[in-house]
Amino acid sequence: MAPCNSAVFSAPVLPARSFCLPHGSPSNRVRAVCRGSLVESLRISADDDDLTGSLIIANKQYKDSSRRALSRPLSVSDRSPDNGPKIRVSFRGLPGSFTEEAAFKAYPDCKTVPCDEFEDAFKAVELWLADKAVLPIENSSGGSVHRNYDLLLRHRLHIVGEVQLMTKLCLLALPGVSMDQLKRVLSHWQALELSDGTLTKLGVARENVDDTATAAQHVAKNKLRDAGVVASVRAAEIYGLNILSERIQDDFGNMTRYLILAREPIMPTKANKSFKTSIVFTLNEGPGILFKALAVFALRDINLMKIESRPQMMQPVRVVDDSNSGSANTRDLEAFAAPRSESGFCCRYRYFDYLFFIDFEASMAEPRAQNALAHLQDFATFLRVLGCYPMDSNV
């Protein structure tokens, strides 16, 4: 089979035979204001299949800067700390959160842009309020962050890097408050679960908040002397809290993996780096079809590092008959009939239609990776390269 050309990597969506997933927000007007940004208000006008639209910015400073030409494709050198002071990185949460810590690990001198929601962090990059976004994608104990997998499909940003960060949870409180004075502890639900052993010994109530830094800010701002916080060392420094105990998590080896997103993809080089490629695809229903799809990588000695499946949100159910032929449109679902073999009706079944997210260890500059994706198109009804990027080996 002839190798794919370079368009396989440079284009975010590979040709599909029957359909391509919709992109963009379901609503025609989206309002997203990031804390501390240059923009006071913005509006996007777009249809369901196109993210492009009219952008109205109520701030002349941003309007002038947005007139610059589109940036060139990034290279690996663009992740160098030397470029740090020029980089603005959006993330969900407040200063002092673990996601911000991951941003500083990737870009030590960056300017962080806090956002209210994960999707706001995507939009901040799309609207040039930030150059990069850093978002959690999986935790070694809690598993995948499914919301961000879904957002990768709704937006056109590219994965340009990853950050692996060890979790170091601390128990914080107001100055002068001792551990035996605590009656409750506030934090993100996952941080509370990871420190279950310590909190159980203390016998305190647990209260969920949006993120660890928000919990620290709330206790400090409201001077809650009966409340502790599970958060980071940096959160204690920012919000003036004391550290009562460090490394309170049950699993000292707990780690979170974050993705770095940008408007333009990284062009792989032959530098002495290990690269990872992330893709998403869908398949027709049929015996052994997933096996055949995964075999395209095994045949070329490509190591699969992760496989994640997610039901399609727009077309969650497929109706098929005994011959495994069928479709996922609404008319087929409405016409679905119970099996009636005695009357001559063909038995029909319903399956969940899945998206498959895969990370594999290879660069899109390698012919074997290009050939694997060309081969995968023989089975896939939809295929998109989410990004090709250097792996983070520094923990």
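**Pocket lining**

I sorted the lining of the second largest pocket in this predicted model by class: eleven residues are nonpolar, eleven polar and four charged. I counted Ala, Val, Leu, Ile, Met, Phe, Trp, Tyr, Cys and Pro as nonpolar, Asp, Glu, Lys and Arg as charged, and the others, Gly among them, as polar.

I looked up the volume next: about 550 Å³. Of the 26 lining residues, T99, P136, H188, Q190 and Y258 are the closest to the pocket centre. A pocket here is an open set of points on a 1 Å grid over the protein atoms alone, where a 1.4 Å probe fits, with protein on both sides within 12 Å along at least five of seven lines; lining residues have an atom within 4 Å of a point. The volume is the space filled by probe spheres set on the points, which are joined across faces, edges and corners.

Which element gives the most to this lining? Helix α6 does, with four residues. Helices are DSSP runs of H or I, at least four residues, and strands are runs of E, at least two, numbered from the N terminus.

**Helix pair**

I then checked α10 (residues 289–298) against α12 (residues 367–376): they pack at about 165°, axes 9 Å apart. That makes the pair roughly antiparallel (over 145 degrees). Axes are lines fitted to C-alpha atoms over the stretch in contact, and angles run from 0 to 180 degrees between N-to-C directions.

A293, V296 and F297 of α10 meet A372, L373, H375 and L376 of α12 (heavy atoms within 4.5 Å).

**Basis**

Residues are numbered from 1 along each chain as its sequence is written, and side-chain values use heavy atoms, without hydrogens or water. Local features need pLDDT of at least 70, side-chain atom pairs count only at pLDDT 80 or more, and totals for chains, interfaces and linings use all residues.

Methods
Parallel < 35°, antiparallel > 145°, perpendicular 65-115°, else oblique.
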